[in-house]
Amino acid sequence: STIITGLLVLSCAPHQEPRFLLPCIVPLVFLYGQRVVGMDNKQPNPKKRAILTTLWVVFNSILYLFFGWLHQGGLIPSLLHLPLPVTPQEGSPE
């Protein structure tokens with residue numbers, strides 16, 4: 001109930017970001033990880049594990065591209081542009 005309550009409270013916030021929901025992942029993995037992979041019945045399914053591993057790699061690669069490059073892509077160039085002096089343009093009053 002602690003995980004669900006925290007997830008509900010964080011989901012009601014108007015400015016939702018994935019980093020606020022990340023603390024819920026670790027307890028959820030401990031609770032449901034073995035059932036998802038199929039190890040709770042003592043007969044692990046190698047095909048299911050391979051599919052889940054592939055989906056995990058693809059999902060994390062997509063999120064890496066989005067959050068690592070596209071979402072923050074303009075941050076470093078704009079920070080490097082800040083110390084440059086502002087030059088007046090032609091035709092503008094000084």
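A residue is termed buried at under 20% relative accessible area, exposed at over 50%, and partly exposed in between (1.4 Å probe, protein chains only). By this criterion, 2% of the 94 residues of the chain count as buried. The model is predicted, with local features needing pLDDT of at least 70 and side-chain atom pairs counted only at pLDDT 80 or more, while totals for chains, interfaces and linings use all residues. Residues are numbered from 1 along each chain as its sequence is written, and side-chain values use heavy atoms, with hydrogens and water left out.

The chain holds five helices and zero strands, in the order α-α-α-α-α from the N terminus. Helices (H or I, at least four residues) and strands (E, at least two) are DSSP runs, numbered from the N terminus.

Isoleucine 4 is placed in helix 1 (residues 2–11). This isoleucine 4 counts as exposed because its relative accessibility is 55%. Its C-alpha atom is separated by 8.7 Å from that of cysteine 24, 20 residues apart along the chain.

Leucine 52 belongs to helix 4, and counts as partly exposed because its relative accessibility is 30%.
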